[in-house]
Amino acid sequence: LFDTAGIRTTCGSSILADNVPRRTAPAVARLEAAGAIVVGKTNMHEFAWGTTSQNPHFGTVANPRLPGRVAGGSSGGTAAALADHEAVIGLGTDTGGSIRIPASCCGVVGFKPAYGAIPVRGVFPLAPSFDTVGPMARTVADVALVESGVTGRPIPQPRAAGLRVGVLEATGVEAAFTEMGARLEPAELPELDPDLMAAFAAECAVTHLAWFPSRRESYGPDLQQKLAAAQEITAVQWQRGLAAVRALRRLARARLDFDILLSPVMAIKPPPDDCWELDVRAAMTHWTRPFNFLGWPAIAVGGIQIAGRDRDSVLGAALALEARVAAG
């Protein structure tokens, strides 16, 4: 999905099968400037719109940790390459969970920064109001290093002591946070207005106006169905969706007075790799998508999600958890 000068960038599609950009996306160029070496491009869910990385043009991404289960999407190839030790670090995109879901499915780490924290220029868009770029790796420490290299911000110190932690749903790490000095309380996300998805889908439809429906048959079956539905969104529904996004952000600021929020990454286990993506996407994005609407940073450490308003609190808590687990 990331432009790389002189190297094909297909976006997992047949439409861009021969697309060779002249420039490299800034997020990639910044890593290269910091000494990173690009060793390859990875497969993904077509045009980054999907949770499974079942790709009708380039094949389904295999899950090295759970054979027969999906690798997650849309950044499934990056997560699989990391899990299979084919690379040390990677970049992904996340519009509804596309970094965190594959990180969970493949047992690696993926960080969705706050909206706008890393430039998305040179990265093919899905829904520009929610698209984010973020790092993936096998450890939180490596993810924090990559994020620092791209943003220029210092790596946060590990910290859990004194944090006010809202538990959205039990994950199994609550005791570890308590032992590290955090204060845990039950928490609930505001109810999501159904109109929120109209804001997302309308932008996806606009992104693909040049090719859909004129080149409908060039898309895979699930993208055809999603784009057809997205094109039915009316201007009134779109505006109601944008209003719902603003209302959700106001409610979250008022109600979620926590340093971090804990939840699973997904509401289900990784589904079989022959599943129909539209049947599983709601459960796979249940815990991830709210933070795209909010624009907040969130990290997946395997199947555990840590989210919050502040980048330092989220990364610091994840680094503290990793150190605690490593220490036994």
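Predicted model: local features only at pLDDT ≥ 70, side-chain atom pairs only at ≥ 80, totals over all residues.
Where is Ser53? Look in the loop between α1 (26-33) and α2 (76-83). Is Ser53 buried or exposed? Its relative accessible area is 0%, and buried means under 20%, so Ser53 is buried. Which residues does Ser53 touch, leaving out those up to four places away in sequence? Among them are Met44, His45, Val61, Gly72 and Gly77.

Next, the helices. Two packed helices are described by the angle between their axes and the distance between the axes. Take α1 and α4, residues 140-151. Their axes come within 8 Å and cross at roughly 105 degrees. That makes α1 roughly perpendicular to α4. From α1, the contact uses Ala27, Arg30 and Leu31. From α4, Val146, Gly149 and Val150 take part. By class, that contact has 4 nonpolar residues, 1 polar and 1 charged.

Now the rings. The count is 8 aromatic pairs. In one of them, Phe47 and Trp211 have ring centres 5.7 Å apart and planes at 25 degrees, so the pair is stacked. Phe47 is in the loop between α1 and α2, and Trp211 is in the loop between α6 (196-207) and α7 (221-230). So this pair ties together parts 164 residues apart in sequence. Phe47 and Trp211 are both buried.

Compare Phe291 and Trp296. Their ring centres are 6.3 Å apart and their planes are at 35 degrees, so this pair is tilted. Phe291 and Trp296 are both buried.

Last point: ring pairs join Phe47, Phe124, Trp211, Phe212 and Tyr219 into a cluster.

Technical notes: Residues numbered from 1 in each chain as written. Heavy atoms only, no water. Helix = DSSP H or I, 4+ residues; strand = E, 2+ residues; numbered from the N terminus. Buried < 20%, exposed > 50% of the residue type's maximum accessible area, 1.4 Å probe, protein only. Contact = heavy atoms within 4.5 Å. Axes fitted to C-alpha atoms, helices over the stretch in contact; angles between N-to-C directions. Parallel < 35°, antiparallel > 145°, perpendicular 65-115°, else oblique. Nonpolar A, V, L, I, M, F, W, Y, C, P; charged D, E, K, R; others polar. Phe/Tyr/Trp six-rings, centres within 6.5 Å; stacked < 30°, edge-to-face > 60°.
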